[in-house]
Amino acid sequence: MVDSFELSKFAGAVLAALLVIFVPKTFIDIAHQSHSEITGGYTLPAPAEGGGGATDGGGAAAPAVFDPAQVIAALPTANPDNGAGTFKKCLACHSAQKDAASKAGPNLWGVLGRPHASYPDFKGYSDAMKSKNVDWNYADLAHFLHKPREFMPGTKMIFAGVSDTGELADLIAYIRTLSDSPLPLPEATAPAAQPDAGAAPAPAPETPAPAPQ
Ligand code: HEC
């Protein structure tokens, strides 16, 4: 009878032999598997084209806050002739010759520098336009023409706006020419403030206001 010690030795030899055979085979299998897995994946669902843009937070479509300063900075190099092309869109509602009658919108001759809602023969101004008691300047005109209803909720001007900064600068450079005395360009006023500009005209003396009592 084989004693249990002999049996253990035999079993150990068999196990050792199996290890010698199967361990390398296992590694070979693993090596092969890792190659075959290259084709074994699944395809990720493609993101819907143009779909969830508002929810994915990608930032690409986030509307930039409009900054009139960019348009103003582009004015000195803007091209009024290009602006005349864009202004054709405005001619559907606006005349722009001196003393011409207003159309569906007020005549725009000399609009830069004149008060909002002040063209004499135009009766169709909105309350929103009439309540702005300031002169048209570059920044306000840029914002108004960029997005009329964002600048002035309640305006009666139905116009989508000019979104491109360069086109807007060209347009405003053209509108500036619709005047007997065009408003100085914003930058053009800066050098005059420098001390080396020669003898500056004396500042107007303060006029003493008559005392009410
Ligand atoms: C569909 C007609 C229409 C179009 C197109 C249009 N406007 Fe107007 N616009 C109006 C009306 C109406 C008003 C008066 C708005 C109000 O009182 O709220 C106005 C007002 C204005 C004012 C204010 C004038 C003032 O006397 O205070 C300016 C400046 C102006 N438009 C410029 C333009 C320019 C520049 C374009 C082209 C890029 C343009 N508009 C396109 C109808 C139009």
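This is a predicted model: local features need pLDDT of at least 70, side-chain atom pairs count only at pLDDT 80 or more; totals for chains, interfaces and linings use all residues.
Residues are numbered from 1 along each chain as its sequence is written, and side-chain values use heavy atoms, with hydrogens and water left out. Local features were required to have pLDDT of at least 70 and side-chain atom pairs pLDDT 80 or more, whereas totals for chains, interfaces and linings use all residues.

The chain contains seven helices and zero strands, and along the sequence its pattern reads α-α-α-α-α-α-α; helices (H or I, at least four residues) and strands (E, at least two) are DSSP runs numbered from the N terminus. Of the 213 residues, 25% count as buried, where buried denotes under 20% relative accessible area, exposed over 50%, and partly exposed the range in between (1.4 Å probe, protein chains only). The chain exposes about 15,000 Å², of which carbon and sulfur atoms supply 62%; accessible areas come from the Shrake-Rupley method with a 1.4 Å probe, and for residues only the protein chains shown count as cover. With contact defined as heavy atoms within 4.5 Å, 49% of the contacts between residues at least 6 apart in sequence join residues at least 24 apart.

The iron atom of the ligand has as its protein donors His94, through NE2, and Met157, through SD, which lie 1.9 to 2.1 Å from it. Donors are here N, O and S atoms within 2.8 Å of the metal (3.2 Å for Na, K and Ca), and sites may look incomplete because water is not among the atoms. His94 belongs to the loop between helix H3 (80-87) and helix H4 (127-130), and Met157 to the loop between helix H6 (148-151) and helix H7 (165-176), so that the pair, 63 residues apart, links distant parts of the chain. The arrangement is octahedral because the six donor atoms around the iron atom subtend angles of 87 to 178°; six donors count as octahedral if opposite donors are over 155 degrees apart and all others between 65 and 115. His94 itself is buried, with a relative accessible area of 9%.

The loop between H3 and H4 also holds Asp99 and Ala117. Although Asp99 is not a glycine, its phi is positive, at about 65°, and Ala117, likewise not a glycine, has a positive phi of about 55°. Asp99 is exposed, with a relative accessible area of 68%, while Ala117 is partly exposed, at 22%.

Helix H5 (residues 138-146) is largely enclosed by the rest of the structure, because eight of its nine residues are buried. These buried residues are Tyr138, Asp140, Leu141, Ala142, His143, Phe144, Leu145 and His146, and they pack against helix H2 (68-74), H4, H6 and H7. Within H5, His143 counts as buried at 19% relative accessibility; neighbours within four places in sequence left aside, His143 is in contact with Phe66, Glu150 and Phe151.

On the surface, Leu7, Phe10, Val14, Leu15, Leu18, Ile21 and Phe22 form a nonpolar patch with about 700 Å² of accessible area together. Patches are made of residues with over 30% relative accessible area and no salt bridge, like charges being joined within 9 Å and nonpolar side chains (Val, Leu, Ile, Met, Phe, Trp, Tyr) within 5 Å; a salt bridge is a side-chain nitrogen of Lys or Arg within 4 Å of a carboxyl oxygen of Asp or Glu. Val14, one of the patch residues, is found in helix H1 (residues 4-36) and is partly exposed, with a relative accessible area of 37%.

Note on methods:
Four donors count as tetrahedral if all angles lie between 85 and 135 degrees; four count as square planar and six as octahedral if opposite donors are over 155 degrees apart and all others between 65 and 115; anything else is irregular.
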